[in-house]
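Thanks for coming. I will walk through one structure this morning, and I will keep it plain.

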Amino acid sequence: MAEMDPQHTKWVMVIDLDRCNGCGACVTACAMENNVAFTGEEENAYGRGMHWLRIVRYWVGEWPNVQVRFMPMLCQQCSNAPCEPVCPVFATMHSEAQELNIQVYNRCIGTRYCANNCPYIARTFNWFDYEWPEPLNFHLNPDVTVRRRGIMEKCTFCIQRIRAAEEEARMEGRPVRDGEVQPACAQACPTEAIVFGNWQDPNSKVRELAESQRGFRFLEELGTEPKVIYLSSQKHEF
Amino acid sequence: MQETTLPAELHERVEELREEHLLLDPRPREEMNRMVLEAMEDVNREYIIVMTILGLVTAVTLFGAWGYLMSKGLGLAGIRRPIYWGLFIVSFVFWIGISHAGTFVSAILRVFKAEFRRPFTRAAELMTTFALAGAGLYPLIHLGRTWRFYWMIPYPNQRWLWPNFRSPLVWDFLAINTYLLGSTMYLFLPLIPDLAMARDKSKGWRKVLYTILSFGWRGTEEEWRHLQKAIQIFAWAIIPVMFSVHTIVSWDFAVAMKLGWHSTIFGPYFIVGAILSGISAVGFILYMIRISVKNMRYFIRPEHFDALGKLLLIISMGWAYFFFNEFLLEWYGGEHTVQEILRYYTTGDMAPVWWTMVICNILIPWLVLWNKNWRRKPWVMALMGIIVNIGMYAERYVIVVGALSRNRIPFDWGWYKPSLVEISIALGTFTLFFFLYGLASRLIPLIPVWEVEEGHHAHGLKRIGKGVVKTVAELE
Amino acid sequence: MSQEQRLTRRDVLKLAGLGGAVAAVLSGCGPTAKYVRRQPYYDMPEYARPGASVYFATTCRECPAGCGLVVRTVEGRAIKIEGNPNHPVNKGATCARGQAALETLYNPDRAKGPTRQGKPITWDEAITALADLLQNTPPESMAFLLGLAPDHLAELVYEITQALGAPPPLRVGALAFMEARNTLAGAAERVFGTKALPTFDIADADLVLSFGANFMETWLSPVYYGKAYGAMRRGRPGRRGILVHFEPRMSMTAANADLWLPIKPGTEGLVAQALGYLVAEAMGREPGEGLFQVDPAQIAQQAEVSLEKLEKVARYIANEAEKVVAIPGGVALGQSNGFAIAQAVLSLNALFQELGKETGVFFTPPVNGEAPLAPATLADIQDLIGRMQAGKVKVLFVHGVNPVYEFPPSWGFAEALKKVGTVVSFASFVDETAAQAHLHLPDHTFLESWGYQRVQVGADRETLSAFQPVVVPVFDTKATADVLLAAVQQVGGALAEAVPYKNEVEFIQKKVAALRERTDGIYAHPHPQVFWNLFLQHGGWWTEQSQKELARGSVLNVQVGEADFDQGDLYLVVFPHPILAEGASANNPWLQETPDPTTTVMWNTWVEVHPETAARLGLQNDDVVEIASPYGAIQAVVYVYPGIRPDTLAVPMGQGHTALGRWARGRGANPLALLGPEANGASDPAFARVRVRVRRLGTRRQLARKENVVGVYGDGRYEPVEAKAESGMKE
Amino acid sequence: MYGGYQGRYAPKTFVALYHEPDDAARAIDVLREIGIEDRFIQVQSGVPYRAEFLGRPERPSGVPKYAMVGAFVGFLAALGLYYGTPLLYPIRVGGKPLLAVPPSFIVLFELTMLGMLIATFLGVFVESLLPPVFGKRVYHPEVSDGAIAVFFQVPAHLAERVKQALAATGPSEIAPAEGTFL
């Protein structure tokens, strides 16, 4: 722990696809934590859901040996994020302290270039001003900006939680403890498929899990250096 | 002119040549001035009706729809995840392409001393300016928060934030601004003598207007010298700017990590496409001017359509070459997603658009334009202008929407359907273009009279044996 | 600042001492301060500092599982629901439905206050009216219908009915009978000798055989099973548990299986017995001593399943697996022979024990031995409906269930309801039943309520999970227990003496008083107020040590026989929607917006059709079809689904509301309309026995899917259809 | 031009109007023979004529200098923007260096060209002293009808002699020229 630099963290998520059962708790938890708007049936039918996190489902094989694979897909917080350099106004940028890919809502002017350039299709756009009819708006998280129309948004790794934990740790003069920060998805996940932690911490759970031979990064051949590590699901074959 | 020295038996041939070539058919400058001024002052009822309709339609379909779009959000457009760019960007690229017409005609043809350009340089340059005005709207229209567009401008601000010069959109912004300013100035410089002419010949508000706009031009030697030098510099300098503009527009796509876009050939491919659509649009516009503006049959003749037709054929071949290159090499690459994209283009949902592109840009021009008689028919060239531009619009649609519809995650593929608001705005820029053009046709001399007169000076006839040919003297 | 922050974080609950926010919660919860109030900034409760979060432990009531929650509140508003990490059931996790429960709390379509015949009344009038009903109605013509949660209300109502001499309350709910709780408990009694809902300990199983049990979706205690599933897969280094699932359609649970065998509906029991036979054979038992007298080859043929695959599974069990668990559930128990199937599958566990394997069935011990009131059987319900039909029920009280929506129309509840003199609904929403009620006295939602839930499944110890209000009531609602007690007091006399509680909190405090004497709890304190505070602070009471005792059973050689089916072309699987379940929270927009795991459909009802069947019937994705059974017909949108038997259709529950609110009403269809009134042998409905005909209506309606049809199925072309095509299916 | 001369020596400006460049060239020769220097002669024409056509001295245009200065200024502005502004508020994007050379060429090119074009444009006006805000200028409106107007300044007492000499070159008009505001 001693070698950890409290000023510099590198947050990493490990998603064990063998544990993930696709239940969707993370999807809802994410929406509730981050004030993600719901858009209704017609908009969703037209591909305009605001889900920051979606569970990509693949069909494998032919009847009757059909199988399903679930893969939660969210912003991969790439180290070499393709979305960042294309933004004309620095609305999406890299936070050097947390090594996160940040979306600055106030700066965004809505060119949507970042979304086109994201190989993970992880970004969503506020097509309209979405509403939470009173009193539904009471549950909006005061730590997270409610986005208005015309701007991009995406998974933030629950940066509000990271920041809170970091400040607390800084005040106590210690590094952030492993497991102290949990994004909403990891916290809700019933199967503990999602594990979150600081890569700089050599004893962290994510480091341990990432060493697994099942580990891979999605589309890593593109050189984006994603910070979400998937552990592949290896089904037993009968 | 030497025709007096020609034998009488060649008289018929000389008449033929004269009818054919504007520059062999001189008329006194006063008369040409009068003709041009007459055309400008010809504000008749039809014109007013057409302009009112165009103006109202533009106000509603473009600005009305845009205002509605801004007040409700971009969701009114048909774009969706993952097709974040739609008709707006298609139209943007299209109009940028059209804007290449003027520069091509007045800069490249000027540099290469292609004499047939003389009567319609201005008509083409006006297209550049107004097409850029239309094109320049789209980056604003397509913004989620249009009212924050100025954040792209590099200026010191209280946010301490400068634009990101690594973003192709900032390159775009710079290139389009350079091009818009450059081509407007380039339109204006040769216009000054003509405005001075109009100043001398008109009365009332026009006199005031032209007095202001002509900046006290008198046609002194110094003025001409500086003007011609400047035009020369512009002609050379604006060509690379023009190339850079469409190259950078193509880089919006080519630098992206998006299969179907990520292609090194996009720069020249886009430029050739732009010139193709620009040149063909010139044909259409000349036809419109010829039929709808007074006295223009004198200035715009079949020879001009013929020349444009030849250019068009060559450029269509050039476009086909790049198109083939792009397609073949992508296909040979064998990348899985790219294969799917190409399949989607050729046989998928995008096929009607894709085949429209191939037919309009290659098949029809190649079948029609080899024939001189067809090339010389203004209406044929006008039709070609429409057809090729449909093809080029289709090309941009395929590239923007088609490539975005397919990505590396099949789960997140998409389809796209332009919404009414989008279509309305796209049509609105067409009416805006024609509206501005119509306005300009009555406000500024559409024909650069001094350039035509210069051409008259430069052209002559020469007898060689029993024949007679056109000769050109190099005056510049 | 850091002091509060540290202490208000979630892990505060791990702290044994009382500090910061916890102390604040304690001081805030005296008898005089029943509710945490939302206050203006100049007069905030001391713990509610602007910007600082306060966390309250409570329990989820979206389904009866009883998961512990910690709700984050800021300035008197509930902001986020998190799992209670110390709770024995869910250990910190939550499901999608629990996450979206804030939208139940803050739903704009909640009932805003008491009404009589749709007209607003005051609570005093309401209580007077209720007292009048209690006083002037013959006790035998009263009826109480309650949901499976909360338990404290059921117990209070039970006491009231006892005091009145009225019939005891019936606890009912669509989810309860889709889970076939009585069947499961009945079979458990026969095989393991305990009449309770068994919990299957899959966390350290090597192989899990699931016969239709959709245990990862909504079944009994999904979060517990989710936790256990994750542990089974990757919780133990070097050992990865395997899931084999038998079900006609690929449910989400099946989707996670290593091997999914789409057996013919109704053959689950036979397959279980065949598998038992094969395992026994593989372990060297002679057929003669084989405990199931079956012919595996013939069963495989009958179930349309590969014998080879069954043998491979059997060999794996025999040779590789040490701990094997067989789970009956879901659609298997809804067959006409569901009770036999349940026994056969549970017997498989017993057989494995006999063969020397470890199995994992245990029962959550009831707190202090007090079991919660069991759900009503189908016979009970039909008896009630019969009495209603005959006009013998003068007053019907309904709480926690929406029978007009949740009972199949073929049971005739809606018609019978019209014969009831006075219907009193306590629903928080104006649901289908409340819309027909004469008196609507809306209860709080659970995040505004007191109470407790007795955990029946998932906990390995005695667990009483507590509710406490995390915010002040949003609307002019009143706790049903308080309303009933107030009415009882107004009636006075013997009744008030028999039910001597001042209010709900006092009732609960009395009920938990006995726990003060327990020393094996996670905390203990003799003083009532301190104990009560600890109870709320921890979100309930449970024992420190695990009381897990794996049950030993005896093999029953039941005659499973063939399942009966109604007339029709295709089998129908009606299943609780993995996200919406039975649909009581269908008005929570984010629940609607959460994609179904396997189809990714949101906001509507779909019908899963095998591609071959679709081709045979000329159906395409997004076609609207009519599905007709002998009992009724619904319209749904076709989803061509690769993971379903060609002879089977499947329709999720949860939609088709005609009331409840703007996001639920007029959306999709309720497949319960297709079900009949037959029972499954244990007096749970045989919902799987129905067969249907399907007919294309010629209209199309685009399903809202997260997936892209073209990309996923590769059929190249996708014709977008107008989302507004179907008039009847939209608001 | 003849500041200080009064009375009969005061300069007077005349205009001789021609329709053929040949005539105008001859007229300029005549004027030069009379002794009027090139700097007291000004030709206005409706189309540009090269200096050699009319026998006028060749003088280079100053506009290219403007172009070069403009280009340089544009280039400097681009350098400042591209390499300067990221240092004011360093923001890392896409794992790319703060200052990268290849994309800078685009910005450098565009702004260089922009500076050059604007300067060229302005150069025309500055060099030609347009617009005429500093006073009246001589002009003949027939210039725009293609006439070549030869303006010359002579002391008043020489005016008649010059007029007579020019008559032989066939001007359509010789008249005193008054400065006007244009």
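Predicted model: local features only at pLDDT ≥ 70, side-chain atom pairs only at ≥ 80, totals over all residues.

Now the contact between chains A and B. Chain A puts in 32 residues and chain B puts in 35 residues. On the chain A side, strand 2 (54-60), helix 3 (113-117) and strand 6 (124-125) each supply at least two residues. Helix 3 of chain A gives the most, with 4 residues. By type, the chain A side divides into 20 nonpolar, 7 polar and 5 charged residues.

Next, the core. In soluble globular proteins, nonpolar side chains tend to be buried together. Here, the largest nonpolar core has 541 residues. Those that touch the most other members are B:Met127, B:Val282, C:Leu275, C:Val424, C:Val607 and D:Val150. Helix 7 (residues 168-201) of chain B provides the largest share of this core, 17 residues. As for C:Val607, what does it touch, leaving aside neighbours within four places in sequence? Its contacts are C:Val625, C:Ile627, C:Ala636, C:Val637, C:Val638, C:Tyr639, C:Leu649 and C:Val651.

Let me move to strands in chain C. In strand 1 (residues 53-59) of chain C, 7 of the 7 residues are buried, so the strand is largely enclosed by the rest of the structure. In a regular strand the side chains alternate between the two faces of the sheet. Strand 1 of chain C is covered on both faces: C:Ser53, C:Tyr55, C:Ala57 and C:Thr59 are buried on one side, and C:Val54, C:Phe56 and C:Thr58 are buried on the other. Strand 1 of chain C runs antiparallel to strand 2 (residues 68-74) of chain C, and 7 bridges join the two. One of the pairs across them is C:Thr59 with C:Gly68.

Chain C also has an open sheet of 7 strands, in the order 5-4-16-15-14-6-7, with mixed pairing. Which strands are at the edges? They are strand 5 (119-120) and strand 7 (170-171) of chain C, each pairing on one side only. Within the sheet, strand 4 (residues 115-116) and strand 16 (residues 439-440) of chain C pair antiparallel over 2 bridges, and C:Thr115 has C:His440 as its bridge partner.

Two helices go with this sheet. Helix 5 (residues 123-136) of chain C lies across strands 4, 14, 15 and 16 of chain C, at about 130 degrees to strand 15. Helix 6 (residues 151-164) of chain C packs on the sheet and touches strands 6, 7 and 14 of chain C, with its direction at about 170 degrees to that of strand 6.

Last, helix 12 (residues 296-303) of chain C. Its buried residues are C:Pro296, C:Ile299, C:Ala300 and C:Ala303. These cover an arc of only 100 degrees around the axis, which puts them on the same side of helix 12 of chain C. That buried set packs against helix 11 (268-282) and helix 13 (307-319) of chain C. The face turned away from the buried side carries the exposed residues C:Ala297, C:Gln298 and C:Gln301. After helix 12 of chain C comes C:Glu304, with a positive phi near 55 degrees.

That is where I will stop.

Key: Residues numbered from 1 in each chain as written. Chains lettered and ligands numbered in written order. Contact = placed C-beta atoms within 7 Å. Nonpolar A, V, L, I, M, F, W, Y, C, P; charged D, E, K, R; others polar. Buried ≥ 20, exposed ≤ 12 C-beta atoms within 10 Å, placed from the backbone. Pairing = 2+ DSSP bridges. Core = buried A, V, L, I, M, F, W, Y, C linked by C-beta atoms within 7 Å. Axes fitted to C-alpha atoms, helices over the stretch in contact; angles between N-to-C directions. Arc of directions from axis to C-beta.
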